[in-house]
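Let's take a walk through this structure together. Keep the sequence and the 3D view at hand as you read.

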Amino acid sequence: MKNWIGCIALVFMVSGCGIYTKYQPAAEVPAHLYRTDSVSVADTASFGNLSWRDVFTDPSLQRLIDTALVRNTDLQTARLRVKEAEASLQTARLSYLPALFFSPEGAISSFDGGKAAKTYSVPVTASWELDIFGRVTNAKRRAKAALLQSEAYGQAVKTQLVAAVANQYYTLLMLDAQYAIAQSTETAWSESVRTARAMKQAGMMTEAGLAQTEATYYTVCTTRLDLKEQINQVENSLSLLLAEVPHAIERGTLAGQELPAEFSVGIPLQVLSARPDVRSAELALEQAFYTTNAARAAFYPNITLGGSAGWTNSAGDGLIVNPGKFLASAVASLTQPLFNKGANIAQLKIAKAQQEEARLAFEQTLLNAGGEVNNALVQYQTAREKAAFYSKQVASLETAARSTQLLMKHGNTTYLEVLTAQQSLLQAQLSQVANRFSEIQGLVTLYQALGGGRM
């Protein structure tokens, strides 16, 4: 009875030390991690839960994303890390089982020139650590958390990859639209230069006016070439994401893009906790928790059961006979640390400090995620509001450009007014396209910030 009471007391003592406790999320974070003053937040399906195919409906973009998900080297590396973590978890689980070793031995010996004696031993030995103090259990739980973290990391890479391909693709569409505007403007300015030269010969325009017109035309030409160079660079960058050699990218048009206009961002904490990077940070905290538990378990003894069984013709007392006889043995050992208590205390302090670091990193990751969502929401909504003003501005400048050209032909205005009107129109058209891209980019960033791309 005393032995049973002692065992029960030992179990309660071990439980009280926390070496068997399971991880429970304990980070204190705000209930609302991003500002909701400019968006309607409803407890509905989050925008981040949509499949990327439902968000990015352009067939060309979908083909590019499919290719990237298969070929991208970063994503392939992340998948290999998952396999490594799976193997580590399998190793930790096997620690619960006895370790078996087959170690046959043979020897030939002779004493003082006498007849040689041949001995052999064919044993199978076993060793089994009793996990009374949680060392094996905490190692397994830590390995499981590491596996989940590697999976979360892989999902984070996938989410980032989908968003990166989409951003590069839409950048190409924006540059295509701007290039088309610059090309048409260059054609129009070429005609203006011919008209100006004719007017100069007729004495209707000064040399300074002609020079200014030609200079503006050359500026438009260089703008078009700059855009052409940027298109080539973005195509090369997108090819790298696809793990392909640089090549031209098949694509649609910016005007033909249809993206979700109305959506819910969900409940902040609930949604952001599903973000792969947030999940990864929390799993890092969980690993640190179990590392601390393991550091506590190091203060307790290791209890190991061992034994061997096999055949031998050497059973002691100089007896050497054939055939061999069956021999079996069993042993139990207890290893209690005596002189490394100081080292164990230091390791526990290190583990506690690392756990606190992981907790702070987890909380900061959540706060960063909230900021990213808010920034993306504001970018998207601001661009949508500005779109109407850009449309009106372009329409007004188109009217102004036509009017000044007619007035100049009739001699009622100067070439400077024509140049100013056309330059303003070109800048407004380029800005309108850039604003449309900013709107799309805000939506892509929001999708990524909400942990989208998981399906």
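Tyr 169 has a relative accessibility of 0%, so this residue counts as buried (buried means under 20% relative accessible area, exposed over 50%, and partly exposed in between, with a 1.4 Å probe and protein chains only). This is a predicted model, in which local features need pLDDT of at least 70 and side-chain atom pairs count only at pLDDT 80 or more, while totals for chains, interfaces and linings use all residues. Residues are numbered from 1 along each chain as its sequence is written, and side-chain values use heavy atoms, leaving out hydrogens and water.

Now look at the rings. The structure holds six aromatic pairs; rings of Phe, Tyr and Trp (its six-membered ring) pair if their centres lie within 6.5 Å, and planes under 30 degrees apart count as stacked, over 60 as edge-to-face and the rest as tilted. One of them joins Phe 56 and Tyr 170: the centres are 6.4 Å apart and the planes stand at 50°, so this pair is tilted. It bridges distant parts of the chain, 114 residues apart, with Phe 56 in the loop between helix H2 (52-55) and helix H3 (59-71) and Tyr 170 in helix H5 (residues 135-201). Helices (H or I, at least four residues) and strands (E, at least two) are DSSP runs, numbered from the N terminus.

Phe 56 is buried, at 1% relative accessibility, and Tyr 170 is buried with a relative accessible area of 1%. Tyr 170 also pairs with Tyr 169: their ring centres are 5.8 Å apart and their planes at 75°, so that pair is edge-to-face. Through ring pairs, Phe 56, Tyr 169, Tyr 170 and Tyr 447 are linked into a cluster.

Next, follow H3. This helix has 13 residues and spans 18 Å from its first C-alpha to its last, close to the 18 Å expected at 1.5 Å a residue (the expected span is 1.5 Å times one less than the number of residues). Its buried residues include Leu 61, Leu 64, Ile 65 and Ala 68. The buried residues of H3 pack against H2, helix H4 (73-94), H5 and helix H6 (207-241), where contact means heavy atoms within 4.5 Å.

Finally, visit strand E3, where Val 122 is found. At 31% relative accessibility, Val 122 counts as partly exposed.
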